[in-house]
Amino acid sequence: MKKLFYALLILISNFLYSQNNFEIDLRSDSYINDSLMLGAPSTRKGFGDLYTFKIQTNNNISDFGKKIRMSHSIYYFKIQKKNIASGFIEYPQPVAFGYMGKKGKAGYSTKVFFLEGGKYKIDLPKDFNNVELNIDSPTNREYKVLQKSLDAFYIKSKNPDQRDSLINMDKKQEFLGEYIRKNPNSYVALWEIVNDYTLNDYHPAYLKNLNLFSAKFKQNTLYKGVEARLKAEQSTSIGQKIPDIYFDKGNKLTSEDFKKYKLTFIDYWSTTCAPCIKGMPEIVNLYHEYKGQNVNFITITDEQKPNRMEIARNILKKNNADWVNFFDVNKDFQKKVNATSYPLHFIIDENGKIIARISNSIEEARTIIKEFLQ
């Protein structure tokens, strides 16, 4: 009896595993001995680990994401006459083939398609910029149908390198809610919410629509990851209290720190963010403007490596940024407030309540501080 049980267990495990295996038979004669990449078309900071799949590497296929320590999957293919890539994917994910431009030329990519378990035969032409790949799989069939239904909410761009313009997010989310009610196990619908957030920032309808998925679907890894991130942003929107942040063993930011000042201005930045560095003198001016009016200034730097921390210190010193700086070593700030871009500014009152959450606008911050103090 015990042998039969183990045999059934192995059989079920093998079946489930095979459902998540994929094989890509890629042909692209125009790019032989050149390199193409396969990966997520666009990701929001903090969402990268949701775009993960594994491909078996060899002499012609390399894990570029791992090499440069990206959180999302991206693989380089050195194109041969015949290219077979085998891999494993936990759930369907949007991907695209891309080409890195050479000698000053811009790169380009195919339109998004979904990678899932199964076999794919793909023939890429020489000019595949914005080309739609005709892939016959359950998720890709559904994706095409949904995208056609969503056309009514967009103004088509005449420029193939520019995105279509969304007319009304409220109406789109309302339609998407009805779609989820009819398709409560749809990965395509869930990824559409992620895509909307990536391109258009947070909207309260996202969480409302998430709640419409089936109880079973809500147990999958992707759903849990998306829900956790959106709830973190909802809980740290205007009017909410900012949570206690633990940067490392010796540094933290709690409600007690905010009680000492009328307002606290927080700037979240990184040494790899050009607008952050360019805008730092403006923050310094704001600091000198309000430091005598019981307004505290803090920077939270998204760096964890010693060499990058040193670069950050030098940038702060060069700009005469005479305030407290924390390094988000544990990424506790990034996770708890769902900080998905730089520069991100928070204005907090003495009770720890969020007065403003601003993306890259010191003038907006200045106006809010002025009005609050008056």
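Cys273 and Cys276 are both buried. Select the pair to begin, and keep in mind along the way that this is a predicted model. A disulfide links Cys273 to Cys276, with 2.3 Å from S to S.

**Next stop: α4 and α5**

Now select residues 169–182, which form helix α4, and residues 187–200, which form helix α5. Their axes come within 10 Å and cross at roughly 165 degrees. Because angles over 145 degrees count as roughly antiparallel, α4 is roughly antiparallel to α5. The crossing of these two helices, α4 and α5, is left-handed.

Show the side chains to see who meets whom. On the α4 side, pick Met169, Lys172, Gln173, Leu176, Tyr179 and Ile180; on the α5 side, pick Ala189, Glu192, Ile193, Asp196 and Asn200. Sorted by class, this contact of α4 with α5 has six nonpolar, two polar and three charged residues.

Leave α5 on screen and select residues 138–150, helix α3. The axes of α3 and α5 lie 9 Å apart, and the helices pack at an angle of about 55 degrees. The two helices α3 and α5 are therefore oblique to each other. Their crossing, that of α3 and α5, is right-handed.

For the contact itself, highlight Thr139, Glu142, Tyr143, Leu146, Gln147 and Leu150 in α3, which meet Val188, Ala189 and Glu192 in α5. By class, the contact of α3 with α5 divides into five nonpolar, two polar and two charged residues.

**On to the loops**

Jump to Asn320, in the loop between α10 (306–318) and β17 (324–327). Phi of Asn320 is near 55 degrees, a positive value in a residue other than glycine. Asn320 is partly exposed, with a relative accessible area of 49%.

Then find Pro343, in the loop between α11 (332–337) and β18 (344–349). The peptide bond joining Tyr342 and Pro343 is cis, and its omega is about -20 degrees.

Finish at Asn360, in the loop between β19 (354–359) and α12 (362–373). Asn360 is not a glycine, yet its phi is positive, about 55 degrees. With a relative accessible area of 45%, Asn360 is partly exposed.

Technical notes. Residues are numbered from 1 along each chain as its sequence is written. This is a predicted model: local features need pLDDT of at least 70, side-chain atom pairs count only at pLDDT 80 or more; totals for chains, interfaces and linings use all residues. Side-chain values use heavy atoms; hydrogens and water are left out. Axes are lines fitted to C-alpha atoms, for helices over the stretch in contact, and angles run from 0 to 180 degrees between N-to-C directions. Helices (H or I, at least four residues) and strands (E, at least two) are DSSP runs, numbered from the N terminus. Angles under 35 degrees count as roughly parallel, over 145 as roughly antiparallel, 65 to 115 as roughly perpendicular and the rest as oblique. A crossing is left-handed if the near helix is turned anticlockwise from the far one by less than a right angle, and right-handed if clockwise. Contact means heavy atoms within 4.5 Å. Ala, Val, Leu, Ile, Met, Phe, Trp, Tyr, Cys and Pro count as nonpolar, Asp, Glu, Lys and Arg as charged, and the others, Gly among them, as polar. A disulfide is a pair of cysteine sulfur atoms within 2.5 Å. Buried means under 20% relative accessible area, exposed over 50%, partly exposed in between (1.4 Å probe, protein chains only).
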